[in-house]
Amino acid sequence: MSYLAFQLKKVFKNKLTPVCLAILLLLMGIVLFMNIRTNPRFSLQAVAKSEIAYCQKEINRQQRLLKHDKQKSKTEIHNDTKAAIRQNQDVVKQDKQVLNAANKGNWRKAYTIMWHQKKQEQTITSNGQDLADLNSRINVEKKLQFFNYLRHEPLPYESQDMPVTGWQFLLQLNQQYLPYVFTLVALFLLTLLLTDSYHQKLDTAQLLPLKKNNLMISNTIAGIVLTLGSFLGINLVLFIVASLISGTGSLAFPYIVGQYTGGRPLIECISTGSFIIKVIVLQVLTLIFEVVLVQFLARIFRDKLPALLIAILLVPGLNIATMIVEPLRKICAWLPMTYLNAVDIVSGNLGMNYQNVQLNYTTGLLTLCCSILIITIMISLSSHIKYKE
């Protein structure tokens, strides 16, 4: 039996691997259940009904104010109240049209009306200057681009707040939950695998009649099979379950992306299919980086606990630190740990939140590839030194 086959056998026979992955699947399954339960509240029809109810309530309140206006004069407040009533009545009329169009499956008409509404909101919010107004403008711009895409590609509506279809649920999962939880599990399993040959800080694998490079390559391949196989398996199972319940969804459905340019963020919509490809590439490189990093730490510390603790501090720990420590945000584009959440990187959310122009997909590819290469060279050098000793 080759050393690689032996390492792979350890991966599949380790009882902790299925236990950890089963717990992870259970947690993500709970997220899917909660999404399915609350998704009806976020449908286009539900949003339209909610806005109709709110505007109708505002109209009634404003009409009561006019009714109790003792002066009944054409004061500025009186005129503003009447204008607000007319505006809310227009919104109610538009929302009823959206509701009727959505119920009939006339998505193009529904999206066109929504686009006009967001266009009006953009005009209202375009004069703000403070941070709150900036966030409002960005949110309106996102919705504007979203419905502009859909009015030209009138696909059935899918909520991005509580997605339930296969593709959209996977994207939410890989944005909010899976990168962080899976990283902890992956670091734990990788540490067990790559430190297993060390006994009392002596590497028993060096006693095998193998070249040092073969050992390094075998360990790396085994680690990649463990992490990529587990990550792919979890995503595949959850995708199948979500698709069986709610359908796969469309790869042509829009996904909102942005880019911080140093001035105002640039917002656009691209198809889910083209977006997912970039996410997969960045996620694969991130997992490979974790494998070589743990392997390097295992060679340095030659013990499970120190290697695991340092790995946790370096990967999820440093990733969280960039959110809190302001100076780290200036250099975070060149830290491979920043790219833990591939969805936030490719969508531009992290770049806009940190106001960092360099934090994007291209920089992520460069940073992760260089980091993997540098650590691999360091592993090879450390291995060479140990063999000489």
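**View 1. Leu282 and its contacts in a predicted model.** Leu282 is in contact (heavy atoms within 4.5 Å) with Tyr339, Ala342, Ile345, Val346, Tyr361, Gly364, Leu365 and Leu368, leaving aside neighbours within four places in sequence. This is a predicted model, in which local features need pLDDT of at least 70 and side-chain atom pairs count only at pLDDT 80 or more, while totals for chains, interfaces and linings use all residues. Residues are numbered from 1 along each chain as its sequence is written, and side-chain values use heavy atoms, with hydrogens and water left out.

**View 2. The nonpolar cores.** A nonpolar core is a set of buried Ala, Val, Leu, Ile, Met, Phe, Trp, Tyr and Cys residues joined through side-chain atoms within 4.5 Å. Buried means under 20% relative accessible area, exposed over 50%, and partly exposed in between (1.4 Å probe, protein chains only). The largest core has 64 residues, and Leu178, Phe182, Phe275, Leu282 and Leu359 touch the most other members. Helix H10 (residues 272–301) gives the most to this core, with 15 residues. A second, separate core holds 33 residues, including Cys55, Leu66, Trp107 and Ile256.

**View 3. Helix H7.** Helices (H or I, at least four residues) and strands (E, at least two) are DSSP runs, numbered from the N terminus. H7 spans residues 166–176, and nine of its 11 residues are buried, so the helix is largely enclosed by the rest of the structure. The buried residues are Gly166, Gln168, Phe169, Leu170, Leu171, Gln172, Leu173, Asn174 and Gln175.

**View 4. Salt bridge Glu58–Arg61.** A salt bridge is a side-chain nitrogen of Lys or Arg within 4 Å of a carboxyl oxygen of Asp or Glu. The whole structure has two salt bridges. In one, the side chains of Glu58 and Arg61 meet at 2.9 Å, N to O. Both residues lie in helix H3 (residues 44–67), three residues apart, about one turn of the helix. Glu58 is buried, at 17% relative accessible area. Arg61 is partly exposed, at 37%.

**View 5. Salt bridge Lys118–Glu121.** Here the side chains of Lys118 and Glu121 meet at 3.3 Å, N to O. About one helical turn separates Lys118 and Glu121, because they are three residues apart in helix H5 (residues 107–125). Lys118 counts as buried, at 14% relative accessibility. Glu121 counts as partly exposed, at 29%.

**View 6. Nonpolar surface patch.** Val19, Ile23, Leu26, Leu27, Ile30, Phe33 and Met34 form a nonpolar patch on the surface. Together they have about 660 Å² of accessible area. Patches are made of residues with over 30% relative accessible area and no salt bridge; like charges are joined within 9 Å, nonpolar side chains (Val, Leu, Ile, Met, Phe, Trp, Tyr) within 5 Å. Accessible areas come from the Shrake-Rupley method with a 1.4 Å probe; for residues, only the protein chains shown count as cover. Ile23 is found in helix H2 (residues 16–38). Its relative accessibility is 48%, so Ile23 counts as partly exposed.

**View 7. Annotated segments.** An unreviewed UniProt entry places the feature "transmembrane region" at several segments, among them residues 16–36, 177–195 and 275–298. UniProt positions are given in the numbering used here, feature names are shortened, and annotations may be inferred rather than shown by experiment. Residues 177–195 are 89% helix and 0% strand, with end C-alpha atoms 28 Å apart. Residues 275–298 are 100% helix and 0% strand, with end C-alpha atoms 35 Å apart.
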